[in-house]
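This briefing gathers side-chain contacts, strand pairing and surface features of one structure. Please read it alongside the sequence and the coordinates.

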Amino acid sequence: MSDLLYLGFCVFEPRRPSYFSKVAALAAAQDGAWRLYHDWRAALPPEGRAFAPQLAGWHEDELLTFRIEPNTRDEPNRDEFIVAAPQRPMEILDFRTVDPEVARRTLVEEGLAERRLEGRSVAVALRGDVCVVVRLERHPDERRAVASTGGLEELPLHALDSRTFEGDRIRERFYAVPGVTVGPQVGVVNWCLDADFLKSVVARLRRAGGDNLPSRSQVEKLVQFLAHAKLAPSNGEDLSAVRARLSVLAGQLGEGVPALYALVDAVAELQPVAEGLDARRRQLETELRAEIAPRIRSELEAAQSELTGVRDGLLAETRALAQQAEAARDDVSTAQADLDALRAAIGEELLAAQRTLADSAPGDGSAREAAESLSGRLSSTPEIWPRAAPPWGRVDPGDAETLGGSRYAERLKENAEQFGFVARDALVADVSVRAGRLTLLPEAEADAFVRCLAGVCAGEAYVRHTLDPSVLSLDDLWRHPATGAPTPFAFAWTAAKLDPRRYRVVLLEGVHRTPLDLWAGGLVRILERADRPANLLVFASYGDALLDPARGWAAVTEDAVGLAPTPRVGANAEVLGAAVGRPSLKSRFDPTQAEAPTPSDLLGRLPDIPATASARATARTLAALTAAWPLRAALDLWPVAAAIGGLGELPDDLRRGADMARARLTPP
């Protein structure tokens, strides 16, 4: 479950059977306050919403706070996250600028005209960064919401995190951030009704032994009289005048009350008196317990005898159901393991069939029969019968040891050293291709550099698709223009779709020999789409000059990422190892296990994106940030992601590659 907390609303009335709905986010908790955002598609793809599988009791457009967790259901067009831990938000009523007594009287005595708060708990912000939490209920006589009287005599006083008021209003109101705004208890306040307060004062005076004080029944009659006569401070329209006069009268009558209280407290604190009172209290407690406890116990046992039997039956049923659930979970785990093993076996068989069929001639009828038979036995129809292909255009499994994702950056550095390249060039190139950017390389270094990166992530297996002037459109990258046979690029794309646990690396060799203006921009847009295989890494190489200068690529530096890796002079470890029969270390990594940023990590970078940035540049930058996340300990994360995405200033290595690509591929 994500640590980031969101506030949003229910998009539609929850529907049966599970009362499911969707929740649209409005704000995220940040620095103790709610912050509004207007485009949530990057954080909650694809629509800026999260699926809520169970929202019983909520209604359309009702607010709630929630967290998110990944949606593991494999369904088309699904929301990528589901709602977790939904709660109704607590509204904050701001009384910080007035006396706390005004706040008490407003909520307890007078009430609020807003019926929407009935049955809800609200936080009441007071002076001094403190607050109280009260539950509002409908007043029995009028259309107003007043505080529930239960517990008002000793109402907990909490610390208040005032940063909440520095955030954004949600629908013109402030709401508490759960676990942040309302802090720990720092004291207790008495917010009881004026009538109850008057009773408690007279009762205390009677306990103090005062003479000529009214009895309890007389106090009750006095309170009822004041209420019916509308002389209580909370009644009547002449509240201000009554309050002013009563304040003077109360001050004159109460001059001796503090002294009396002080005298009573001082006497009660004397050791003999305190000991006597304590002994008397213990005696009364013992007598009451001996008299009342047996009676209460017998009454409770008689009243709950039937419920006890029901409880025992429910406990037995619960234990039986728990055992059944545990057995069912074991069955599901076993079935899931068998299913995963079956999927892996089917994937291996399909790839083996693809490699076998790749060696057949274009007109081989037996190969066609085999492909159609395999397709008919599958629930879907993947393309597994490409035509005859040259060895360098075949999809090799790239068998090598699969390593954990924590070693990815380390292996990139090791292989760059092995092949004689600068480690940063390998790291930046890896981020670029995994982010879906077409990455351009000079022809002289392309083969060794791509083999270096493929040796890290794909067991050194990669596909070379040699281009020629017959490539006149994007479709010609999928089928050979002359024969109609599938191309190496098509083989690699299909293999990546069949097995998302393996990287597939493609080198489009010699783009300068083609009319780039007819197809290059379309390929860039295809690679940036969300439905491309995320484990397909595409490089392209270019020579010294365009075959047809008029058909160049004018937007090459905006569409693609140019790199100019320069190998060190002299023999490197790869050359020496090949000479003595000791090839370099090969490895593979599982793309599905790559570490990725959380939605809060992505949202935290939104302020760094200029307001004038295009949606395409923003999407490219966030994709680059996600691709660079496993390498964040070895790279300057944001500058590299921004440069690859087209938002930041190009560092020297990327500027050199961009200048070289512009000089050789743009029309004169």
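Predicted model: local features only at pLDDT ≥ 70, side-chain atom pairs only at ≥ 80, totals over all residues.

**Other salt bridges**

- The count of salt bridges comes to 40, and side chains of opposite charge can pair when their charged atoms come close.
- Arg664 and Asp544 meet through their side chains in a salt bridge of 3.3 Å, N to O; Arg664 lies in helix H18 and Asp544 in the loop between E18 and helix H13 (556-559), so this contact ties together parts that are 120 residues apart in sequence.
- Within that pair, Arg664 is partly exposed, with a relative accessible area of 25%, whereas Asp544 is exposed, with a value of 65%.
- Asp278 forms a salt bridge with Arg282, for which the closest N and O atoms are 2.0 Å apart; both residues lie in helix H6, 4 residues apart, or about one turn of the helix.
- Asp278 is partly exposed at 26% relative accessible area, and Arg282 is partly exposed at 45%.
- A network of salt bridges links Glu101, Arg104, Arg105, Glu109 and Asp194.

**Aromatic contacts**

- A search of the whole structure finds 10 aromatic pairs; among them is the edge-to-face pair of Phe12 and Phe20, with 6.4 Å from centre to centre and 80° between the planes.
- Phe12 is buried, with a relative accessible area of 18%, while Phe20 is partly exposed, with a relative accessible area of 24%.
- Phe421 and Phe449 have ring centres 5.1 Å apart and planes at 80°, so this pair is edge-to-face; it links distant parts of the chain, with Phe421 in the loop between helix H8 (408-419) and helix H9 (423-434) and Phe449 in helix H10 (residues 443-457), 28 residues apart.
- Both Phe421 and Phe449 are buried.
- Tyr6, Tyr37, Trp40 and Phe66 are linked into a cluster by ring pairs.
- Arg15 lies over the face of Phe12, at 4.0 Å from the ring centre, and Arg96 lies over the face of Phe165, at 3.8 Å from the ring centre.

**Sheet**

- An open sheet is formed by 5 strands in the order E16-E17-E18-E15-E19, with parallel pairing; its edge strands, each paired on one side only, are strand E16 (462-466) and strand E19 (561-562).
- Strand E17 (residues 504-509) and strand E18 (residues 536-542) run parallel and are joined by 5 bridges; Val505 has Leu537 in E18 as its bridge partner.

**Surface and loop positions**

- Leu288, Ile292, Ile296 and Leu300 make a nonpolar surface patch of about 340 Å².
- Within this group, Ile292 is found in helix H6 (residues 271-358) and counts as partly exposed, at 33% relative accessibility.
- Gly646 is placed in the loop between helix H17 (637-645) and helix H18 (652-665), and counts as exposed at 54% relative accessibility.
- Gly646 and Thr621 are 25 residues apart in sequence, and their C-alpha atoms are 7.0 Å apart in space.

Key. Residues numbered from 1 in each chain as written. Heavy atoms only, no water. Patch = residues over 30% accessible without salt bridge, like charges linked within 9 Å, V, L, I, M, F, W, Y side chains within 5 Å. Areas by Shrake-Rupley, 256 points an atom, 1.4 Å probe, with all protein chains shown as cover. Salt bridge = Lys/Arg side-chain N within 4 Å of Asp/Glu carboxyl O. Helix = DSSP H or I, 4+ residues; strand = E, 2+ residues; numbered from the N terminus. Buried < 20%, exposed > 50% of the residue type's maximum accessible area, 1.4 Å probe, protein only. Pairing = 2+ DSSP bridges. Phe/Tyr/Trp six-rings, centres within 6.5 Å; stacked < 30°, edge-to-face > 60°. Lys NZ or Arg CZ within 6 Å of the ring centre and 35° of its normal.
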